[in-house]
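The following note sets out points for discussion of the model shown below. Each point takes up one topic.

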Amino acid sequence: MWKHLELELFRLLSEPSQVTNEEMQSAYEDFVTQVVTLSQSELNYSDFFRILNLSRIEFDSLGSSPLCGQGGKCN
């Protein structure tokens, strides 16, 4: 199964360090490429949906992190 939490995008979003626009753009492009590749694989729809749902949950949890509202990257 796809190890989405190991992707650079999630690491950049979850760490309290400064990130350049170029780093974030590159990480996002890698994330999108992984999603497209996964969608074209031989996974069945329920597995693919489960992976996308886990990604959404992770994005939601990052938005409610303690960094939000304190100059963090949630905005």
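Is Arg50 buried, partly exposed or exposed, and what is its relative accessible area? Arg50 is partly exposed, at a relative accessible area of 42%. The points below place this residue in the context of a model that is predicted.

1. Overall architecture. The protein contains three helices and zero strands, and its elements follow the pattern α-α-α when read along the sequence. Of its 75 residues, 20% count as buried. Among the contacts with a separation of 6 or more, 58% are accounted for by residues 24 or more positions apart.

2. Salt bridge of Arg50. The partner of Arg50 is Asp47, and the closest N and O atoms of this salt bridge are 2.8 Å apart. Both residues belong to helix H3, where they are three residues apart and therefore separated by about one helical turn.

3. Salt bridge of Arg11. In helix H1 (residues 8-14), Arg11 and Glu8 are three residues apart, and about one helical turn therefore lies between them. They form a salt bridge whose closest N and O atoms are 2.3 Å apart. Arg11 is partly exposed, with a relative accessible area of 34%; for Glu8 the value is 35%, which also means partly exposed.

4. Geometry of H2 and H3. Two packed helices are described by the angle between their axes and the distance between the axes. For helix H2 (residues 21-39) and helix H3 (residues 45-63), the axes come within 10 Å and cross at roughly 160°. Angles over 145 degrees count as roughly antiparallel, and H2 and H3 are therefore roughly antiparallel to each other. Their crossing is left-handed.

5. Contact between H2 and H3. On the H2 side, the contact is made by Phe31, Val35, Leu38 and Ser39. H3 contributes Phe48, Ile51, Leu52, Ser55 and Phe59. By residue class, the contact of H2 with H3 comprises seven nonpolar residues, two polar and no charged.

6. Phe10. This residue has its place in helix H1. At 2% relative accessibility, Phe10 counts as buried, the cut-off for that class being under 20%. Phe10 and Ala27 are 17 residues apart along the chain, and 8.5 Å separates their C-alpha atoms.

7. Glu15. The loop between H1 and H2 holds Glu15, which counts as partly exposed at 30% relative accessibility. Although Glu15 and Leu62 are 47 residues apart in sequence, their C-alpha atoms are 9.9 Å apart in space.

8. Points to inspect. The contact of H2 with H3, with no charged residues, may then be viewed alongside the roughly antiparallel arrangement of the two helices.

Methods
Residues numbered from 1 in each chain as written. Predicted model: local features only at pLDDT ≥ 70, side-chain atom pairs only at ≥ 80, totals over all residues. Heavy atoms only, no water. Axes fitted to C-alpha atoms, helices over the stretch in contact; angles between N-to-C directions. Helix = DSSP H or I, 4+ residues; strand = E, 2+ residues; numbered from the N terminus. Parallel < 35°, antiparallel > 145°, perpendicular 65-115°, else oblique. Left-handed = near helix turned anticlockwise from the far one by under 90°. Contact = heavy atoms within 4.5 Å. Nonpolar A, V, L, I, M, F, W, Y, C, P; charged D, E, K, R; others polar. Salt bridge = Lys/Arg side-chain N within 4 Å of Asp/Glu carboxyl O. Buried < 20%, exposed > 50% of the residue type's maximum accessible area, 1.4 Å probe, protein only.
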